[in-house]
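Please read them with the coordinates open.

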Amino acid sequence: TPHRTVWQTDSVTDIDIAMYQLERVDLAHLAHRRWHTLSGGEQQRVHLARAMTQEPSLLVLDEPTNHLDVGHSLQLLAMVQHSGLTVLAALHDLNLAAAFCDHLVVLHQGRVAASGVPEKVLTAELMAEVYDVDAEVATHPRTGRPHLWFHPPAMAH
């Protein structure tokens, strides 16, 4: 849409690009379906395919893994990570942020509590200060990235 005039219709190239992006998010087989018949996770993946079809240089994502199962969350974030785009994403899953982001900004009460590479930002002290949780931070054995373990609070009997 941003690359054509008001009265211009979809070209064969436009449709090819859209189908390619649907394939990348594993939804080409549902291209014939109407929006309201898709699950929340399918709709979320369509949003990303739609954004990528526009061929942006900057991608802004708000909770892109919302409604997605683990497999599709990892697939989507890997696709975005390797897209070559500058990406600004809001993620609440800190382990996904640690695994896929080069730079993190942690907000607390509307202010920046920490900013930097995941290894410097994701600390047990920060988890206690910002989220009031007991956490351990270790290096993931396969990725070398930080990985957090959260301990449930002690419950009174």
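This is a predicted model: local features need pLDDT of at least 70, side-chain atom pairs count only at pLDDT 80 or more; totals for chains, interfaces and linings use all residues.

**Notes on the fold and its packing**

1. His108 in strand S3 has Arg111 as its bridge partner in S4.

2. Strand S3 covers residues 104-108 and strand S4 covers residues 111-116. The two run antiparallel and are joined by five bridges. Besides the pair already named, Val105 is partnered by Ser115 of S4.

3. A second hairpin is formed by S5 and S6, with six residues between them. Strand S5 (residues 134-139) and strand S6 (residues 146-151) are antiparallel and joined by six bridges. In the turn, Gly144 has a positive phi of about 75 degrees.

4. How many helices and strands does the protein chain have? There are six helices and six strands. In sequence order the pattern is α-α-β-α-β-α-β-β-α-α-β-β.

5. On overall dimensions, the radius of gyration of the protein chain is 19 Å, whereas a compact globule of 157 residues would have a value near 15 Å. The C-alpha trace spans about 65 × 35 × 35 Å along its principal axes.

6. Helix packing comes next. Two packed helices are described by the angle between their axes and the distance between the axes. For helix H1 (residues 12-24) and helix H2 (residues 40-53), the axes come within 9 Å and cross at roughly 140 degrees. An angle has to be over 145 degrees to count as roughly antiparallel, and H1 and H2 are therefore classed as oblique to each other. Their crossing is right-handed.

7. Which residues of H1 meet H2? On the H1 side they are Ile17, Ala18, Gln21, Leu22 and Arg24. On the H2 side they are Val46, Ala49, Met52 and Thr53. By class, this contact of H1 with H2 has six nonpolar, two polar and one charged residues.

8. H2 also packs against helix H3 (residues 70-81), with axes that come within 12 Å and cross at roughly 15 degrees. Angles under 35 degrees count as roughly parallel, so H2 and H3 are roughly parallel to each other. The crossing of H2 and H3 is left-handed. H2 contributes Arg45, Leu48 and Met52 to the contact, and H3 contributes His72, Leu76, Met79 and Val80. These residues divide into five nonpolar, one polar and one charged.

9. Taken together, H2 is in contact with H1 and with H3. Met52 is listed in the contact with H1 and again in the contact with H3. The crossing of H1 and H2 is right-handed, while that of H2 and H3 is left-handed.

How values were computed:
Residues are numbered from 1 along each chain as its sequence is written. Side-chain values use heavy atoms; hydrogens and water are left out. Axes are lines fitted to C-alpha atoms, for helices over the stretch in contact, and angles run from 0 to 180 degrees between N-to-C directions. Helices (H or I, at least four residues) and strands (E, at least two) are DSSP runs, numbered from the N terminus. Angles under 35 degrees count as roughly parallel, over 145 as roughly antiparallel, 65 to 115 as roughly perpendicular and the rest as oblique. A crossing is left-handed if the near helix is turned anticlockwise from the far one by less than a right angle, and right-handed if clockwise. Contact means heavy atoms within 4.5 Å. Ala, Val, Leu, Ile, Met, Phe, Trp, Tyr, Cys and Pro count as nonpolar, Asp, Glu, Lys and Arg as charged, and the others, Gly among them, as polar. Two strands pair if DSSP finds at least two bridges between them. The radius of gyration is taken over C-alpha atoms; the globule rule is 2.2 Å times the number of residues to the power 0.38.
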